[in-house]
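Biologist: I would like to learn how to read charged pairs in a model. Please take me through them one at a time.

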Amino acid sequence: RISLMATMTYSSLTQDLKDWMENDGTEFSNETDNFIGLTEQRIARDIEPYAFHESATTTFNIGDRFVSKPTDAKVIFHFLYLNSDSKRIFLEERTDEFIYDYWPTSATTGSPLYWANYSDTAILVAPTPSAALSIEMTYARRLTELSSSNTTNWLTENAQDLILYGSLMEACTFSKNREDLIIYTQRYQSAVETINNQTRRRRRDDYSSPSNVMGENTLKPMST
């Protein structure tokens, strides 16, 4: 068995699957991308979104009630802007139906109070912004899937056991190896629990800390 402490890449993970399953046949090798892809989808559902915590900045466009989300955003946690006194003003999350009822005339502008998830790419705010103020948001990001052209991601750098055991589960299902499937499922579930517990502890620490809820100043420009 190989050590999980070594640097993991897409290439090393696919080789690990062949080594651990003791199968380097063509049919099996042709399926390794599916094993990894299905596992990444499973992990996205099983892991607390705070594990993929990210932050970004942008600005309101005067007279535009829509704000573009970061291109890798999956779940928005916080949405705020800096007023003219550089004070952080947190907007309250509401439904888009509430936004339209509360502020039916988009041409009328004011200081935003509410935001809603309008679509996968846009946030809806009300009132419609009257000034091009700076926005800060924190969110859970989508991971770029592993491939021959994207050889590492958060999972290979921070959760090697999780991506490996999950991929082995898929490999065992493909190979109809029920005995090993039970073993790797248990190891996968243990890895999920460990990461989620770490995330919950960090979230409690954030809530109990007197520092800004946005955390350290690690904001990066937002790509749209």
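Modeller: Start with Arg88, which is partly exposed at a relative accessible area of 34%. Buried means under 20% relative accessible area, exposed over 50%, and partly exposed in between (1.4 Å probe, protein chains only). The model is predicted: local features need pLDDT of at least 70, side-chain atom pairs count only at pLDDT 80 or more, and totals for chains, interfaces and linings use all residues. Residues are numbered from 1 along each chain as its sequence is written, and side-chain values use heavy atoms, with hydrogens and water left out.

Biologist: Which residue does Arg88 meet in a salt bridge?

Modeller: A salt bridge is a side-chain nitrogen of Lys or Arg within 4 Å of a carboxyl oxygen of Asp or Glu. Here the partner of Arg88 is Glu136, at 2.9 Å from N to O. Glu136 lies in strand β10 and Arg88 in strand β4 (residues 88-90), 48 residues apart, so distant parts of the chain are linked. Strands (E, at least two residues) are DSSP runs, numbered from the N terminus.

Biologist: Is Glu136 buried or exposed?

Modeller: Buried, with 6% relative accessibility.

Biologist: How many salt bridges does the structure hold?

Modeller: Four. One of them joins Glu54 to Arg141, with the closest N and O atoms 3.6 Å apart. This pair also links distant parts of the chain: Glu54 is in strand β1 (residues 53-59), Arg141 is in strand β10 (residues 134-141), and 87 residues separate them.

Biologist: What does Arg94 pair with?

Modeller: Glu92, with the closest N and O atoms 2.8 Å apart. Arg94 is partly exposed at 33% relative accessibility. Glu92 is partly exposed too, at 41%.

How values were computed. Helix = DSSP H or I, 4+ residues; strand = E, 2+ residues; numbered from the N terminus.
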